[in-house]
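Biologist: I am new to this structure. Please show me how to read its features, one at a time.

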Amino acid sequence: MDTLNFANDPGTVIEADRAHVWHHLSQHKQYETVDPRIIVEGKGLRLWDIKGKEHVDAVSGGVWTVNVGYGRERIGKAISDAVTKMCFFGGSLGTIPGAQFAEMLIDKMPGLDRVYYANSGSEANEKAFKMVRQISHKHYGGKKQKILYRERDYHGSTLATMSAGGQDERNAQYGPFAPGFVRVPHCLEYRSQDGSLGEEYGAKAAQAIEDVILAEGADTIGALCLEPITAGGGIIVPPKGYWDRVQEICKKYEILLHIDEVVCGLGRTGTWFGYQQFGVQPDIVTMAKGVASGYAAISCCVTTNRVFDMFKDDSDPMSYFRDISTFGGCTGGPAAAIENMKIIEEEDLRGNSVVMGEHLKGNLQALMEKHKWIGDVRGMGLFAGAELVQDRTTKEPVSEKHVAAIVADCMAQGVIIGATNRSVPGYNNTLVFAPSLIATADDLNHITAAVDEAITRVLG
């Protein structure tokens, strides 16, 4: 049946989806007996599915993207105006929205200078990796080409970004991977490798990076790629002193510091970018998701002029960055990003993220006092996690089956929360909360009340 002519028939749309759509991160066997859920409208933090059920979205589109909330007509109009006037030209030429957003963005990132446009976080990180490799060949005889990445961190779903993937279950069955990517240990204080805590643990976790550098040979390391706050690997805020020491190590060994802000960027933690919470100065910053809050596809790889200038030797025909992202040339992305950034500023959504983030954390800590199953609450701004354990002393994780049941129970209540999903073997046990930055105290109370009921029903 033609769904375009029968769009008001929910059953027709559901069957078209069931027959033809391959959903992300989904086991499709379930759709043989249950209907796939079709979302048709969003406003603020609320969504309505094709059967009319209302949901409160506590994960900003499922993957922490819709920072300014749903239904922003001004963003839709900006996209329409831009693409109607001039929809696209490959990135070898410029566009007005591209130039304007780059200027706005750099104004928020002191010490950085250049914006390379692409269309997804994975692609932005690929660009950064290619820059590091080309710099190695051009300026270091090909030797300084290794890229360090951290256990539990995630940088994308392409084969190259999975080569820098610190989540073994996400990587499983997709190898072999690209050579030259080397893992460093995680910095989750709750699961400290040696029992140390606080600044002592922060120092040791950073020292573990230097240990890897020395073992590999500092003259072979081109970059260190880290999330400012580990996202899908468990919502991990690095301990005090960690980032200061990481910066020192990178400077000491002339290693480019690449910070992946795909999740944390654009106000999620309460500052424009997560790295700004820790006082570090990166060489490369990548971002996507909240850049346009999902209203259009856009990602950015932002660098210093020091990095940019390494590609400006016009005496060598191979010296420029010989890369292109086709849809990095769309005007809809930067047009949406401009309005998105204006909304964040005008409504002080960074400030709201700070205040409401404390409210969310307080609610989760109250749940922790009530439910013995919550072993740790952590996060920053409107980005929080609650790790579920069988026993607080042994920290044995709650089973994935029970975690999934809690998420499903919340969904049945009309509240959409997240959980670490096929990430770290044996440790997919953290509930995840990343509501849009417009969230109110009432919204957060509604969300955590649903979690309270779900934990009670599932775990007792």
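Modeller: We begin with a naming rule. Helices (H or I, at least four residues) and strands (E, at least two) are DSSP runs, numbered from the N terminus. This is a predicted model: local features need pLDDT of at least 70, side-chain atom pairs count only at pLDDT 80 or more, and totals for chains, interfaces and linings use all residues. Residues are numbered from 1 along each chain as its sequence is written, and side-chain values use heavy atoms, with hydrogens and water left out.

Biologist: How many cavities of 30 Å³ or more does a search of the whole structure find?

Modeller: Rolling a probe the size of a water molecule over the atoms shows where empty space is left. Here a cavity is a set of points, on a 1 Å grid over the protein atoms alone, where a 1.4 Å probe fits but cannot get out; lining residues have an atom within 4 Å of a point. Points are joined across faces, edges and corners, and a volume is the space filled by probe spheres set on them. The search finds two such cavities.

Biologist: Which helix gives the most to the lining of the largest cavity?

Modeller: Helix α5 (residues 121-139), with three residues. The lining includes Val-132, Tyr-140, Glu-254 and Arg-306. For classes, Ala, Val, Leu, Ile, Met, Phe, Trp, Tyr, Cys and Pro count as nonpolar, Asp, Glu, Lys and Arg as charged, and the others, Gly among them, as polar. This lining has five nonpolar, two polar and three charged residues.

Biologist: What lines the second largest cavity?

Modeller: Among its lining residues are Tyr-117, Ile-298, Phe-327 and Pro-334. β4 (114-118) and α11 (332-346) are the elements that give two or more residues to this lining. The second largest cavity has about 30 Å³ of space. Its lining counts seven nonpolar, two polar and no charged residues.

Biologist: Now the sheets. In what order do the seven strands lie?

Modeller: Strands of a sheet pair through backbone hydrogen bonds, either parallel or antiparallel. Two strands pair if DSSP finds at least two bridges between them. The order is β4-β10-β9-β8-β7-β5-β6, an open sheet with mixed pairing. β4 and β6 (181-184) are the edges; each has a single partner strand, so one side of each lacks a neighbour in the sheet. From one strand to the next, the twist averages 20°.

Biologist: Do β7 and β8 pair in the parallel or the antiparallel sense?

Modeller: Parallel: β7 (residues 221-226) and β8 (residues 256-260) share four bridges. Cys-225 stands opposite His-258 in β8.

Biologist: And the four-strand sheet: which strands are at its edges?

Modeller: This open sheet runs β1-β2-β3-β13, with mixed pairing. Its edge strands are β1 (39-43) and β13 (415-416). Inside the order, β2 (residues 46-49) and β3 (residues 54-57) are antiparallel, joined by three bridges. Leu-47 has His-55 of β3 as its bridge partner.

Biologist: Last, at what angle do the axes of α4 and α11 cross?

Modeller: Two packed helices are described by the angle between their axes and the distance between the axes. Axes are lines fitted to C-alpha atoms, for helices over the stretch in contact (heavy atoms within 4.5 Å), and angles run from 0 to 180 degrees between N-to-C directions. The axes of α4 and α11 cross at roughly 35° and come within 8 Å. The contact includes Phe-101 and Met-104 of α4, with Ile-338 and Met-341 of α11. By class it has nine nonpolar, two polar and one charged residues.

Terms used
1 Å grid on protein atoms, 1.4 Å probe; cavity = no way out; pocket = protein on both sides within 12 Å on 5 of 7 lines; lining within 4 Å.
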